[in-house]
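This report describes parts of one protein structure in plain terms. Look at the sequence and the structure first, then read on.

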Amino acid sequence: MIVIMKKGSSGQEIADILDRLAQMGFTGHLSQGVERTVIGVVGQTYPDLKDTLELLPGVDEIVPISKPYKLSSREFQPADTVIEVGGVRIGGDQMVVIAGPCAVETEEQVLETARAVKRMGADILRGGAFKPSTSPYQFRGLGEDGLKILGRAREETGLPVITEVMTPRDVDLVCRYSDILQVGARNMQNFMLLDEVGKCDRPVMLKRGMAATVQEWLLSADYILSGGNRQVMLCERGIRTFETYTRNTMDVSAIPLVKRLSHLPVLGDPSHGTGKWYLVQPMAMAAVAAGADGLMIEVHPTPDAALKDGSQSLTFDNFEQLMSQIGAIAASVGRRMVGRAQVEAGR
Ligand code: PEP
Ligand code: MN
């Protein structure tokens, strides 16, 4: 349920309610919007609780949240969440582009890619140092050495970095190097990992599980939010269907759907969403048209020689083409592409 505070309620009244909730064994999650201040009450609530809370000073009304997910719902927070990382704003009126290789392979490969995608207007650099791999015989990432390479790329280009964390054990380590933590599709329901990233102070990008419903996805987001970390963004990366021509079926409709249900930013990943480099650009355009707050695109200097996901990785030329094509679409749906605009202004 949510406690809606009266307009003009005092800081003391809010603090008293949070204290009272804590005494009763609940966690109160404060959301102070322009229009109203609400406190989300999470835990095993019971009907009498409504009567108790209604009597407290400063309370306007108590409203149940109808959805099973609570903190990620628009009922809890009507206004969009905007996440700020290294000068980049994710959510709101911007459309951010995250680009880079699937996996960190060598320093040269990452630096070359980072320079290229920055030159073309990407906002954030991606690259996996811990790679989830269907086969144990495939490349599984460079681990901490890979994180160090990402750190050097960030230093040189100024681009914030996102990389995947696969286990609760590595959360502190990845936080030392990365601006954003990525929870991959295979770990969307690794609840111990969600709890752990919920306790840290880094934004988290939660990818949709390959067989997850939208409701399950949002419940997973609630795990992170209820741990206290409010900087959560979602990423649609395709779901498993009977189709075999594509690696996954990119569920573009999930983007406007989730934006309706939730205040969290939603990004689209047409690289994993299709598995084919020649489908990445059209599906990137579709995702932007559908209202995505950002894109995640795999880019490699030589996709043919990539250790991972080469078939869905764009060359620098193809990435440049994608960037120039999505600009017009972003503008037509009222989105600004800040990195791209800076590049164009400097030309
Ligand atoms: C990735 O981003 O490289 C990745 C492994 O994605 P997903 O978890 O969506 O498969
Ligand atoms: Mn990949």
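## The four-stranded sheet

Four strands form an open sheet in the order S2-S3-S1-S4, with antiparallel pairing; strands are DSSP runs of E with at least two residues, helices runs of H or I with at least four, both numbered from the N terminus. Two strands pair if DSSP finds at least two bridges between them. The edge strands, S2 (27-32) and S4 (59-63), each pair on one side only.

S2 and S3 (residues 37-42) are joined over six bridges in the antiparallel sense. Within the sheet, Gly-28 stands opposite Val-41 in S3.

## Basis of the model

The model is predicted: local features need pLDDT of at least 70 and side-chain atom pairs pLDDT 80 or more, while totals for chains, interfaces and linings use all residues. Residues are numbered from 1 along each chain as its sequence is written, chains are lettered from A and ligands numbered from 1 in the order written, and side-chain values use heavy atoms, without hydrogens and water.

Cys-102 lies in the loop between strand S7 (96-100) and helix H3 (107-119), and Glu-298 in strand S14 (residues 294-298), so the pair ties together parts 196 residues apart in sequence. Cys-102 is buried, with a relative accessible area of 2%, and Glu-298 is buried at 0%. Buried means under 20% relative accessible area, exposed over 50%, and partly exposed in between (1.4 Å probe, protein chains only).
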